[in-house]
Amino acid sequence: MDPKPLWLLAELTYKCPLQCPYCSNPLDFAGPRFKRELSTDEWCRVFREAKALGVLQLGLSGGEPTLRADLEELVRQAHGLGLYTSLITSAYRLTKERLAALKAAGLDHVLGFPLTVNVVLHRRNLHQVAALIGLAESLGAERIELANTQFYGWALHNRDALMPTKAQLDEAWRVVQRERARLGTKLEIVWVLPDYHEQYPKPCMGGWARAYMTVTPAGEVWPCHAAGRITTLTFENVREHALEWIWEHSEAFTRFRGDAWMPEPCRSCPRKTQDFGGCRCQAFLVAGDAGLTDPVCSLSPHRHLIDAAVAEVERAAEAAEWTYRAAPASRALAAKG
């Protein structure tokens, strides 16, 4: 049976008031490739086509999605289609009034609704894990996801500054275990190790183009939120093709679907049904070829590239300086100031 998508991440805009150095948005987010954002009508058509394909869950993300003036209308249209909507937001300008309007429009998941607190962990904040869990507890959250930085977009650019040491990870894990014992079922605590410190890679969004897709602000469709960095693939646009055609026939979606593309050691490895060869983006960004075994895998001939990056951070007495996510003009002004 051909795979069908269950989840669509709608990146409504790459505009954002924050400048997080671990942002997964592309480094050229302010460039011409992403400049002409989809209109309200275009997004609503994407939602209809996604629902017809079998999508059940819709993530509304960015950038900062609350900067879209039409957010309530987009939620209303998605709700009318029967899509389960999650707002992935920093809560910037998310007033009680706007929350009420979003809830009235049919939003299913965000502050004031069933709440997950997502925390990006890195070398400079791992010591605050206990306080972060306490914050989620005070907010009445159902779940906190403590996700160590995965290195894509700005996070890859700032990898040396963000990557934690083994000692930091070990201490934070002890805190997580202690807090899980204290809180029981009151708060679910999810702990996500960075791939670089694992023996095997995580499955790539449940497998490349098997259950998930991202639509960028300007309408490109990617099999995952970082795939646009793979310069050897061509990504089609919803302005030019129907979502169904992109999912079923476009080169970017069919290139790594299934296992026929796999090299050794993936092809004969029993783990290929668990991790699907790992992350295509990581293979491209670290080893230069999206068709290689994910270099995070201990069986990869390119694992030494990961080990070298980890070892370099262990040797550094202090974290390197990082570059904040910012448009080119903003970076120039910061440099002058």
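This section describes a sheet, a helix and the salt bridges of a predicted model.

The model contains an open sheet of five strands in the order E3-E2-E1-E7-E8, with mixed pairing. Its edges are formed by strand E3 (84-87) and strand E8 (221-222), each of which pairs on one side only. Strand E1 (residues 7-11) runs parallel to strand E7 (residues 212-215), and the two are joined over four bridges. Ala-10 has Val-215 in E7 as its bridge partner. Helix H1 (residues 40-53) packs on this sheet, where H1 touches E1, strand E2 (57-61) and E7. The direction of H1 makes about 170° with that of E1.

Helix H12 (residues 303-315) has 13 residues, which at 1.5 Å a residue should span 18 Å; the end C-alpha atoms are 19 Å apart, in agreement. Arg-303, Ile-306, Ala-309, Val-310 and Val-313 of H12 are buried. These residues cover an arc of only 130° around the axis and therefore lie on the same side of H12. The buried residues of H12 pack against helix H6 (159-162) and helix H11 (280-287).

The count of salt bridges comes to 23. One of them links Lys-15 and Glu-37, with the closest N and O atoms 3.1 Å apart. Both residues lie in the loop between E1 and H1, so the pair ties together parts that are 22 residues apart in sequence. Asp-70 and Arg-68 meet in a salt bridge at 2.8 Å, N to O, and both are buried. In the salt bridge between Arg-143 and Glu-188, the closest N and O atoms are 3.5 Å apart. Arg-143 lies in strand E5 (residues 143-148) and Glu-188 in strand E6 (residues 188-192), so this pair ties together parts that are 45 residues apart in sequence.

Notes. Residues numbered from 1 in each chain as written. Predicted model: local features only at pLDDT ≥ 70, side-chain atom pairs only at ≥ 80, totals over all residues. Heavy atoms only, no water. Pairing = 2+ DSSP bridges. Contact = heavy atoms within 4.5 Å. Axes fitted to C-alpha atoms, helices over the stretch in contact; angles between N-to-C directions. Expected span 1.5 Å × (residues − 1). Buried < 20%, exposed > 50% of the residue type's maximum accessible area, 1.4 Å probe, protein only. Arc of directions from axis to C-beta. Salt bridge = Lys/Arg side-chain N within 4 Å of Asp/Glu carboxyl O.
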